[in-house]
Amino acid sequence: VVSAIRQRLATLDPRIPVYRVETLDARVTNSLGGEKLAALMLSGFAAIALVLSVVGILGVTSYSVSQRVKEFGLRLALGAGPAHIIWLVVANATRLALAGAGVGCVAAYAMTRVLGTLLYGVRPTDALTMGGVGTVLIGVAIAASLIPARRAMRMDANVALRSD
């Protein structure tokens, strides 16, 4: 096809230079290479941040549960059910996640000028996107806190009260 185009253009006007002949799809793909790389890198960083937040919330919640062993033992000895213990642990982690999501939304709003150049079809201050990301992070925090909550629920009240 390229040789036919060159011949046809040469018959029309031999002074027309023909170079870098490529399809429109190839031209668009080549011109958006930098943006695609930036989007891929940001997606990778977001995935790493999500994993780090899960590990961090799991660690903080596990530490909090280990510090409150006597409290949970006393609550269990006084008749608190396992659901109440789970609720205490998950509520604590949810409060931390809500605070983190709030700080994150404020920081994201402050970075709108920088982020605005990397977004297509979405405004940097899109409430649906920010709310969706916050909801995902809070859901991840609740899911991550369930592991230490189950461990706290299963502890024996006698052993917990005797521990130092």
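**Ground rules.** I am working with a predicted model, in which local features need pLDDT of at least 70 and side-chain atom pairs count only at pLDDT 80 or more, while totals for chains, interfaces and linings use all residues. Residues are numbered from 1 along each chain as its sequence is written, and side-chain values use heavy atoms, with hydrogens and water left out.

**Helix α7.** I began with α7, which covers residues 127–153 and has 27 residues. Helices here are DSSP runs of H or I with at least four residues, and strands are runs of E with at least two, numbered from the N terminus. From first C-alpha to last, α7 reaches 37 Å, close to the 39 Å expected at 1.5 Å a residue. The expected span is 1.5 Å times one less than the number of residues.

Where does α7 bend? I found a bend of about 30 degrees at Leu146, with the proline Pro148 following within four residues. The bend is the angle between axes fitted to the seven residues ending at a position and the seven starting there.

Next I listed the buried residues of α7: Met130, Gly134, Ile138, Val140, Ala141, Ala144, Ser145, Pro148, Ala149 and Ala152. Buried means under 20% relative accessible area, exposed means over 50%, and partly exposed is in between, using a 1.4 Å probe and protein chains only. An α-helix has 3.6 residues a turn, so residues three or four places apart point the same way. The buried residues of α7 pack against α3 (33–67), α4 (69–77) and α5 (82–110); contact means heavy atoms within 4.5 Å.

**Helix α3.** I checked the length of α3 too: its 35 residues should span 51 Å at 1.5 Å a residue, and its end C-alpha atoms are 51 Å apart, so the two agree. Thr61, Ser62, Ser64 and Val65 are buried in α3, and their cover includes α4, α5 and α7.

**Largest pocket.** I then looked for open space. A 1 Å grid is laid over the protein atoms alone; a pocket is an open set of points where a 1.4 Å probe fits, with protein on both sides within 12 Å along at least five of seven lines, and lining residues have an atom within 4 Å of a point. The largest pocket holds about 890 Å³. Its volume is the space filled by probe spheres set on the points, which are joined across faces, edges and corners. Of its 27 lining residues, Ala46, Ala108, Leu115, Thr129 and Val133 are the closest to its centre. The elements giving two or more residues to this lining are α3, α5 and α7, and α3 has the largest share with eight. I sorted the lining into 20 nonpolar, five polar and two charged residues. Ala, Val, Leu, Ile, Met, Phe, Trp, Tyr, Cys and Pro count as nonpolar, Asp, Glu, Lys and Arg as charged, and the others, Gly among them, as polar.

**Second largest pocket.** This one holds about 160 Å³. Among its lining residues I noted Ser53, Ile57, Thr61, Leu96, Gly100, Leu137 and Ala141. Here α5 gives the largest share, five residues, and the lining has eight nonpolar, three polar and no charged residues.

Val21 sits in the loop between α1 (2–12) and α2 (24–31). Val21 counts as partly exposed because its relative accessibility is 37%. Leaving out residues up to four places away in sequence, Val21 touches Val2 and Arg6.

Pro17 is in the loop between α1 and α2 as well, and Pro17 is exposed, with a relative accessible area of 59%. The C-alpha atoms of Pro17 and Arg6 are separated by 9.0 Å, and the two are eleven residues apart along the chain.
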